[in-house]
Structures are given as structure tokens and as C-alpha cells.
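Q: Could you take me through one part of this model up close? I would like to start with one chain and end where the chains touch.

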Amino acid sequence: MTYAASSRRPRSRSVRTVSVLLGLALALGLAACSPSTSTPSGSDSGSQPERTLAVGATLEPASMDPWHNPAASIPQVLLYNVYETLVKVDSGGDIKPLLAQAWEVSPDRLTYTFHLNAGAKFASGAPVDAAAVVANIDRLKADASLTPTLKAQLAVVSGASVIDSHQVEITLLHPSLMWLYDMSSTLGMMLDPSYTGDLSTTSAGSGPYQVKSHIQGDSVVLDDNTNYWGNPARFDEVTFRYFSDPNAMNAAMLSGDLDVISNLQAPDALPQFADTSQYTTITGTTNGEVVLGLNNSSKALSKLEVRQALTMAINRKDLLDTVWAGQGTLIGTMSVPTDPWYEDLSGLYPYDPEKAKAMLKDAGYGNGLTLRLRVPEIPYAVKSAQFVASQLRDIGVKVTTEELDFTRWLDEVFTRGDYDMTIVAHVEARDLGKFADKTYYWHYGDAKYASMYHAADQAVTEDEGVEGMKAAAHYLAEQCAAIWLFALPNLVITKATVTGIPQNATTLSFDLTTITNR
Amino acid sequence: MKRAQLFAGLALVALVVVTAVVSLFWTPFDPIRVVPGQRLLGPGWPHLLGTDGFGIDIASRLMVGARTVLTVGIISVGLAAVVGVPLGMLAGQNGGWVDEVVMRVGDVVYAFPALLLAILLASVFGASTVTAMVAIGVASIPAFARVARAGTLQVMASDFVLAARASGTSRWGIARRHVLPNIAPVVGVQASVGFALAILAEAALSYLGLATPRPTPTWGNMLRDAQQFLFVAPLQALWPGLAIALAVLGFNLLGDGLRDYLDPRLREVP
């Protein structure tokens, strides 16, 4: 019972015990084999790099299949590490070559020609050629059970065709500002077309790592792809260990079991890692907007006045200070500071509980309003929920809070829309488009917004598109389509020996390719 | 010595009861309202025990938590007694296959951890105070049934029951007039001990998020919230822990003390 908070079932404890024992045995074994690496102070080969890396993370992926499961924890492990994309977003937020060495866009922005890297090959040895890319696009187009997000992103693609063995042409139905960004993420992951194994437990990508094992309730282990076409992997084995309890993760870091905490879930614990001779703390930004989602299909929340009142009832500055120790950025719409169309709209509806109360009364809810706040059991969500419930109570809204296991949350809230309010971080980059989809779990069906967004996405020049997105984001904020609490900070703790982790997390991936452990 | 134990138990239990009753009318601060600027204050004035991560007064939360503890204790022990005692009496009075069936089913329930039942109920109905009460109550039924059965067997073998039977008193009449009053003391002792177990179980379940949901404070979920500040504000975990320990101690001492006074088997020993 020590750190098995909430979602752990008793069964998994035995699994964990076994794995802890295994880990212990491994650690002892390693220590016995190479005593010099554990004491870098020694004069002998102290600069020998470690060949393993243990990364602590929060949400455990339910499967290794990103095409049929929307959980961001899957690309966190797989993107760029196991599956590569034609283009990748670097730590500065710019699109860079990966499988494609270069690409051209036609003047009407409808045709993209990618020149593939001739050396690129899958772990099986098969080449990543034009035929493989076309096979991937066709596979996704034919897949009826693709996640709704991918389906929406793919809708713009008219087709892909082979020009020659290493040139591929992809045509769009209309110009799209977002499309190439989408291709740098889950949508663009290239799967070996000849692979027939079970993708929920194994992998077949072209990246420097491949999925070795997934121990349910504990960890995902990647091992290096010895067949890798690019710079060889720096680690033989990388383990992502999952902790639903942030304290357990901190304790594992303090005891030396982890090399990296991929995102600190207890910012109050930052001082524990203040010793710079042992730990490095990285504070940057992420694409994660913590959204207080409002179910716009519910009667009360479909009214603009009610949504505005709720927005004004929450002091988001105090919320950030209280739940995330002031770490993070206040935002007022579905956009983060690294977006080209970012504008600080956090002051659009300033905290004013009196006015909020009056507006609620005008909207016909003067006698009270009861809302169900159903949140996943993730630290930022649970803590924000308690804060939000308290402040909404001050303006006469009765909030019943329910904390759900993440899998259950995905099913009941995200998939079936059974909720009034919920809190979750949307970690995908440039995800403004989700509000244009009425079937998405917020059920925000504002036709004006949808047309603004699509017009901006389809703009003929990029500048025009960015301006359009800015206007769309502003409209979204005015309409209080949701309440944007804050943008999650990128709080990474590493051992002092670990280097190469970028300050800002610009993609879904926990990119291992830049990391070294001296 | 025995008396001192009883009084110590009574005093601790009274403290919990009085705190819970007072919390119905008054707490020093609002036990659920978040106060942004006041988080993680140490013990002092006006926050005697300090504040938690949301700036809420810990003493106020403890007071309200006492209410949950008593509610869960009373209902779950009540449930267990109301179901368990008649079953035990039935088994004891009838003997034979009735006895076998009741007691073996009891053994099965006894082997079934309350935690499993709580997880089951929480996943079907959503975690709440009620699911915790039912889980703890159902899990405590066999203990009451066993105590009642043992007491019943003893009473049934006595001469006055033999006389009552000879004079044609119905089974129901014997149960009501002879068995129940005679086993009441042992059931009372069991209730007090069961209460202590229920407090522990409630704290464990709400620590695991399987009982009363936030924001309603319970000692268990206060402990859970305090865990994240263990290195920053360790005292935060001490207070609910102390409350649980004292309440459990109180009910255990009370139970032991009551047994010494009420249990007829111990009464004859000087």
C-alpha cells in the first residue's frame, strides 16, 4: 500500500514485485560487471558512456499501436525512436528532414514531392522507398478503425503516388497549413508494409530502437535496432518506467533507479533536485494545454453566458500557483507560446466572481447549477479539479467531482462524452483544429469557428494562414469554447551525467536520439 | 488498571464523537474552500495544525473527517451486526445443515478481502462513502455471525433454555427472550472491535481513492494528499495519521474494557 495509489489493482503488485526483484538483480549484476561505471570519480575510464537509460513517465500506454489508440503516451515512446516520419520537428519547432532528405511544395500548395533518403531501411532490412510510403498512406486511408484524430488529419490527402524508387508525390484536396506538421507526428509514422505481426505489442519501424517488451503496469523496454540506417543508437536498452504516483517517481530518481524524469508531476518537489552536482533541472515549455473541457452539447454549457461566467469564476493565476507551484504559462486559448499564431489571451475574461454570479443569474441559473466534473487520475487534473470545484462553488455552481482511471476516462468521457466538465492536457502540437470537429468530445459545433479554421488552414500563403489562425484562436477564446487553465511546463529532471535533452518539448516524442549518458 | 483502559478508550472515542458533532455546526475554517495564498503553512495561529497544499486549514479538515469515520463505522458495523447476528443465531439454534451452510458461506466471505469487494463496487457504482460502507460491512458479517453462533450454542445448552423448551416456548420466543439478551454483551464487544477495524479499512480505502471522493475530507484521502508533500511539509501527513491511530486505539481499548465488564465468561473470574 506504500505507493500503489489509486489505479493499481492488487494483481499488478505481484508483477511489480517480480520486476522490482528483476531490476534489483539486474542492477546488482551490472554493478558486479562494471564497478568503474558506477563511480565516475575514479581516474580509470570514467568517461565511458552508459549503455542503458531509464526514463520515468506518468501515463502508461495501453498498447504499442498509435493508429488505433489516441493516447499520447504511445508516440511519447515510439515517435522518432521506433517509427520515423518523412519530416520531423526539431527542438526549435522547425520542420527538418528525416526519412525525406528534401521536399518541394507546388505553388498551389497541393502537391508535395518528397525525396527519400536512399539509405533508409526498416529494422527488417527492407528499404523505406517510395512504394513503402505509398503503401503506408493507402493503408491508413483504407483503415476504418483509425483514431478520429488521424482520420481527420488524413482527410485532406487525395492520394500518394510513386515517381521513382526514392521520390514520392502526395497530393492534397486543398492547401493545408497543418498537414506537414501532422505528417511529422503520429500520422507520418512509417510502418514496414511487409510486417504482419501484432502491432499492439511489437513494432516494425525504421527508427534506431525497437519495442522489446511491455510489462503491463510497469514499463516499456526498447532495445537498439542494430540494422539502423542512420547514426547508431547511443543506448543498448532504454526503459520507460511508469509511475501513477509522482512521489514514487521522485523516490526512484533520488535512489538512482531512474536517469531521467521525463516530466515532473510534482512541481512542489523541485527543491529535492536542487543539487546540481547530481541532478540537472530543465524548465521549458510544452505543447500541453491543460483544458477544462466543457461539454457543449449539454444544455447549460451550450449557453455562451454560462461558459463566460465559468471562465470568469476561476482565477487561473492562483490556480497555477496552487496546483503547479507557479510553473507553466497562462494561456487563454488553444495555443501555446511556441505557436506562430500565439497571442496571450489569458486576460480576456479576467477573474471576477461577482460578475460571473450575475451572468449566471441572467442566463437563468440564479438558483444554482449542478455540473459533473469527471477527471482522469493524473496529478495536474486531480489538483486542478479540486481548485476549480472550490471556485465554482463560490459563484453558486455545485460541482460533483469524480476521478476516473485513465482507461475508463478515455472510454466514458473522451469516447462517449458522458460528462459536463473534464480536465486533461492536450499535448499535440498545433491542435486548434480539434474545436472544428463537432464529433470531438467537447462537441463544440460552432459553424463560424469551423469555417474560420478551415479558411486559415487552406490559405494560399503561409502568412495569410497564420493571421487566420490567430483570428480563429481569438474567436475561440471569446466564445469560451473551453476554459484554458494553463500550459504545462516541460520540467525534466536528469542525472547530471545525462545531456542532450532539449529545453522545450515541441513534439509528442520523448526523443532519445539526442540524449547521451556519460 | 482494567478500569483505566476502559476510561482511556471512552475518552478517545468521546473525543472523536464530540469533534464530529461539533464539525456539523462549526469548524475554524471552511474545510473545502481553496485559499490560494495560504498553502503549506506550518502549525501556528490561526491555523493550529497548518494548511494543506490548497491552503485549507488542516484542523478543520480533520474535524470533518471524524464525521466520515463515525458514519462509515456506525453504518458498516450496524450492517454487519444486523445481518450477521441473526444468521449466527439461526446457525446456533438449528445446528445441522443450516449451521453448515451459514458458517461455510461465512468462511467464503471471510476469505474474500474487503479491498476486492471495494474495488468491484467502486468500478461499478463509482467510489463513494456508500460503496465503502457496504464493502466494509459485508466483509465484517462473518465475524458477527461467528460470535453470535458461539454465544447461542452456549445459551442453548443452559438449563433455563431447556426449561423454556420443555414448557413449549417457541424457537422464536427462545431466541428473543433468552438468546439475544445473553449474547448482547459479546456482540457489543465485537461491535467495538469491529468499529476499530472499520476505521482502519475506511482510511485505507479512501487513501486508495476507493471511498469518499474529494473534496470531502477524510483521514485517508488527507493522508493521500499529504504524501506528495512528504519532503516539503512532512507534518501534513502526521496529523491524519495520528487521528487514525488515536481513533483506532480508542475503539480497541473501549472494546477490551467492555469485554472485561460485560463478558459473562470473564465475569466469574475474580
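A: Happy to! Keep in mind that this is a predicted model. Reading along the sequence, chain B runs α-α-α-α-α-α-α-α-α-α, which comes to ten helices and zero strands. Its C-alpha atoms fill a box of roughly 75 × 45 × 30 Å along the principal axes. Chain B has 270 residues, and 49% of them count as buried. If you take the contacts in chain B between residues at least 6 apart in sequence, 72% join residues at least 24 apart.

Now let's zoom in on one helix pair. Two packed helices are described by the angle between their axes and the distance between the axes. Helix α5 of chain B (residues 129-156) packs with helix α7 of chain B (residues 171-207) at an angle of about 155°, and their axes are 9 Å apart. Angles over 145 degrees count as roughly antiparallel, so α5(B) is roughly antiparallel to α7(B). The crossing of α5(B) past α7(B) is right-handed. As for the residues of this helix contact, 14 are nonpolar, eight are polar and one is charged.

Finally, step out to where the two chains meet. Chain A gives 23 residues to the contact and chain B gives 22 residues. On the side of chain A that touches chain B, at least two residues each come from α7 (246-254), α9 (316-323), α11 (379-394) and β14 (397-404) of chain A. Of these elements, α11(A) supplies the largest share, with five residues. Sorted by class, that side of chain A has eight nonpolar, nine polar and six charged residues.

Methods:
Residues are numbered from 1 along each chain as its sequence is written. Chains are lettered from A and ligands numbered from 1 in the order in which they are written. This is a predicted model: local features need pLDDT of at least 70, side-chain atom pairs count only at pLDDT 80 or more; totals for chains, interfaces and linings use all residues. Axes are lines fitted to C-alpha atoms, for helices over the stretch in contact, and angles run from 0 to 180 degrees between N-to-C directions. Helices (H or I, at least four residues) and strands (E, at least two) are DSSP runs, numbered from the N terminus. Angles under 35 degrees count as roughly parallel, over 145 as roughly antiparallel, 65 to 115 as roughly perpendicular and the rest as oblique. A crossing is left-handed if the near helix is turned anticlockwise from the far one by less than a right angle, and right-handed if clockwise. Ala, Val, Leu, Ile, Met, Phe, Trp, Tyr, Cys and Pro count as nonpolar, Asp, Glu, Lys and Arg as charged, and the others, Gly among them, as polar. A residue is buried if 20 or more other C-beta atoms lie within 10 Å of its own, exposed if 12 or fewer, and partly exposed in between; C-beta atoms are placed from the backbone. Two residues are in contact if their C-beta atoms, placed from the backbone, lie within 7 Å.
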